[in-house]
Amino acid sequence: MGIGLYVQTVSMTRILHLVMLTMLFLFNSCSGYNNASNEGLNDSIQISEHETVQIENDISKDASEWADSIMETMTIEEMAGQLIMPAVYSDDTEHTMRLLREYASDDHIGGVVLLKGSVEAAEMIVDTLRSMLHVPPFIAIDAEWGLSMRLEGLPEFPRNGRISTDADETLLFDYGYEVARECREIGINMVLGPVLDVLPDGRRRSGIGSRSFGRDAERIARLGVAYAKGVESGGVISVAKHFPGHGSADADSHKRLPMVDKTREQLEATDLLPFKEYVSNGMSAIMTGHLYVPALDDEEVPVTVSEKVLGSFMREEMGFDGLIVTDAINMGGARGYSAVDALIAGADIVLAPAKTENEVKGISDAVRSGRMSVEILRDRVRRVLFYKYMTARHDGNSGYIRENNEAERIIKLLR
C-alpha cells in the first residue's frame, strides 16, 4: 500500500525561499530536482488548506540543451571523468591538495565524495575543485544523521533508528531542509541519503542497524521521502540507498558480496516499497547496493553491475530516469568489477574507485575498443550534466535563510 503524495505545509518564509530558488533557476543556471522527464521540483506548494502557490519551472529544456552543448565540446576522456567521483578526506594536507590537482587536470572528475574531516577543509576542497574544473562538480557527502556523520563541529542529529516514534513527515521535511541549508553553506550539493533499507522482522541484528528507520516499510517510506523532499527543496540532490534494500542482507557488503534471499513478492511488500515511493515522488537519485538478489537477477553478480536490475527493472519497470549512483566500487561486495561494468549495466556515476586514473582510462579504452558504445557514454554523461545544471550553484547560504536555532529545535523534536 502506497503512502500517497506528501504535500508539505510551509510558512511564507519558505515560500519566499522557493521563489528565490526559482529565480536562481532562471537567471543563474541553477537548482531544482526531479526526474529528467518531469517539469520541476515544486510545481505547487500548499500554504494553507485553501491556498496554493504555483511555482512554475520550465528549465528542463534549457538543462538538456546545456548538457548537449557542453558534451559536444568534451573529449572521450573528459566525458569518462564526469562519471567518476573519488572519495577524499576533508583535510587540507598537501597530499589531499595534490590529489585534487591530479583528479582535476588528469582525470577530469565529475566530483568528489567528502570523507571525515573539518568544515574548513571541506570548504577549501569545494573552492579548489570549482576553480580547477571546467564543468561544475558534484560535491557529495554521507549525511545519514546530518553532516556531523562526516564533519566535525556541526549539529548532531540522532541516527534514523533512534528517531522518536512521534516524528512525522513535516518534521522530517524540516530536518532534510536544515541539512540542505548546512550543505549549501559549505558548498555541498549532493547528500548520500536517506537510507531506505528495511530491517527484517524476527532478527535482532542487521548490518544496517540504526542507520535504518526501522522495520516498518511504510513508515520508512513516509519519513524517508519527506526527508528527501526537504533536502531537495533546499537545493541539494538526495540519493536514496541501498537499492533494492540492504536490511536483510546476510553479510556486510564492505567485506564481501551479500545475498538478499527473498521472493519477488516479499521484496515488493517490504524492501522495494520505500524506493518505489521515492521514485513516484520524483526524487533525484538512487544508490545501488553491492547485493546479490536472485529474485531480480539469478546470476550471482552485484546489483551494481546487473543490467537486469539497473536497466530492465529500475529504468523500464519502475520508470526511474534520475541518477543511478553506485555504492563505493572499492568495497568487497564489488570486488572484481569495474566502473565500466557498472556503466554498461545502467549506472550513471561510480563512487570511490580504488584508483581513479585506472577507472577513467578503463572507460575511455572500453569506448574506443567498442566494449562500451559511445551512445552509452553520452547517455550517462548527458544525465549527469542535466542534474548539474539543475543543481543550484551559488556560494554560501544566499537564498537559504533559516533561523540559527532551527537545528536545535529539530534535534529536540527528533529525540
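This is a short walk through one protein model, from the whole chain down to single residues.

First, a caution. The model is predicted. Please keep that in mind throughout.

Let's start with the overall count. The protein has 14 helices and eleven strands. There are 415 residues, and 61% of them are buried. Now look at contacts with a separation of 6 or more. Of these, 78% are between residues 24 or more positions apart.

Now the sheet. Which strands form it, and in what order? Seven strands line up as β4-β5-β6-β7-β8-β9-β10. The sheet is open, and the pairing is parallel. At the edges stand β4, residues 87-90, and β10, residues 323-326. Each has a single partner strand, so one side of each has no neighbour in the sheet.

Let's go through some of the pairs. Strand β5 covers residues 111-117, and four bridges join β5 to β6. Val112 has Ile139 in β6 as its bridge partner.

Stay on β6 for a moment. This strand spans residues 138-141, and both of its faces are covered. Phe138 and Ala140 are on one side. Ile139 and Ile141 are on the other. All four are buried.

Next, β7. It is made of residues 190-191, and two bridges join it to β8. Met190 stands opposite Ile237 in β8. Remember Met190, please. We will come back to that residue.

How many residues of β8 are buried? Seven of its seven. On to the next pair: three bridges join β8 to β9, and the two strands run parallel. Here Val239 stands opposite Ala285 in β9.

Strand β9, residues 285-288, is joined to β10 by four bridges. In this pair, Thr288 faces Thr326 of β10.

Now the helices. Helix α9, residues 272-280, lies across β8 and β9. It runs at about 155 degrees to β8.

Helix α9 also packs against another helix. That partner is α7, residues 217-233. The angle is about 35 degrees, and the axes are 8 Å apart. The crossing is right-handed. Which residues make the contact? From α7 we have Ala217, Glu218, Ile220, Ala221, Val225, Ala228 and Glu232. From α9 we have Leu273, Pro274, Glu277 and Tyr278. By class, that is eight nonpolar, no polar and three charged residues.

Helix α6, residues 169-186, packs with α14, residues 406-414. The angle here is about 145 degrees, with the axes 10 Å apart. This crossing is left-handed. On the α6 side, the residues are Leu171, Leu172, Asp174, Tyr175, Glu178 and Glu182. On the α14 side, they are Glu406, Ala407, Arg409, Ile410, Leu413 and Leu414. The contact holds seven nonpolar, no polar and five charged residues.

One more helix: α10, residues 307-317. Its buried residues are Val309, Leu310, Gly311, Phe313, Met314 and Arg315. After α10 comes Gly319, with a positive phi near 75 degrees.

Now the core. In soluble globular proteins, nonpolar side chains tend to be buried together. Here, the largest nonpolar core has 125 residues. Which residues touch the most other members? Tyr175, Met190 and Leu323. Met190 we met opposite Ile237. Which helix or strand gives the most to this core? Helix α7, with nine residues.

Take a closer look at Leu323. Leave aside its neighbours within four places in sequence. Then Leu323 is in contact with Phe138, Met190, Ile237, Ser284, Ala285 and Ile286, among others. The list also includes Asp348, Ile349, Arg383, Val384 and Tyr387.

Finally, something on the outside. Glu120 is in helix α5, residues 119-132. Is Glu120 buried or exposed? Its relative accessibility is 56%. The cut-off for exposed is over 50%, so Glu120 counts as exposed. Glu120 and Glu152 are 32 residues apart along the chain, and their C-alpha atoms are separated by 9.7 Å.

That's the tour. Thank you.

Definitions and conventions
Residues are numbered from 1 along each chain as its sequence is written. This is a predicted model: local features need pLDDT of at least 70, side-chain atom pairs count only at pLDDT 80 or more; totals for chains, interfaces and linings use all residues. Side-chain values use heavy atoms; hydrogens and water are left out. Buried means under 20% relative accessible area, exposed over 50%, partly exposed in between (1.4 Å probe, protein chains only). Two strands pair if DSSP finds at least two bridges between them. Contact means heavy atoms within 4.5 Å. Axes are lines fitted to C-alpha atoms, for helices over the stretch in contact, and angles run from 0 to 180 degrees between N-to-C directions. A crossing is left-handed if the near helix is turned anticlockwise from the far one by less than a right angle, and right-handed if clockwise. Ala, Val, Leu, Ile, Met, Phe, Trp, Tyr, Cys and Pro count as nonpolar, Asp, Glu, Lys and Arg as charged, and the others, Gly among them, as polar. A nonpolar core is a set of buried Ala, Val, Leu, Ile, Met, Phe, Trp, Tyr and Cys residues joined through side-chain atoms within 4.5 Å.
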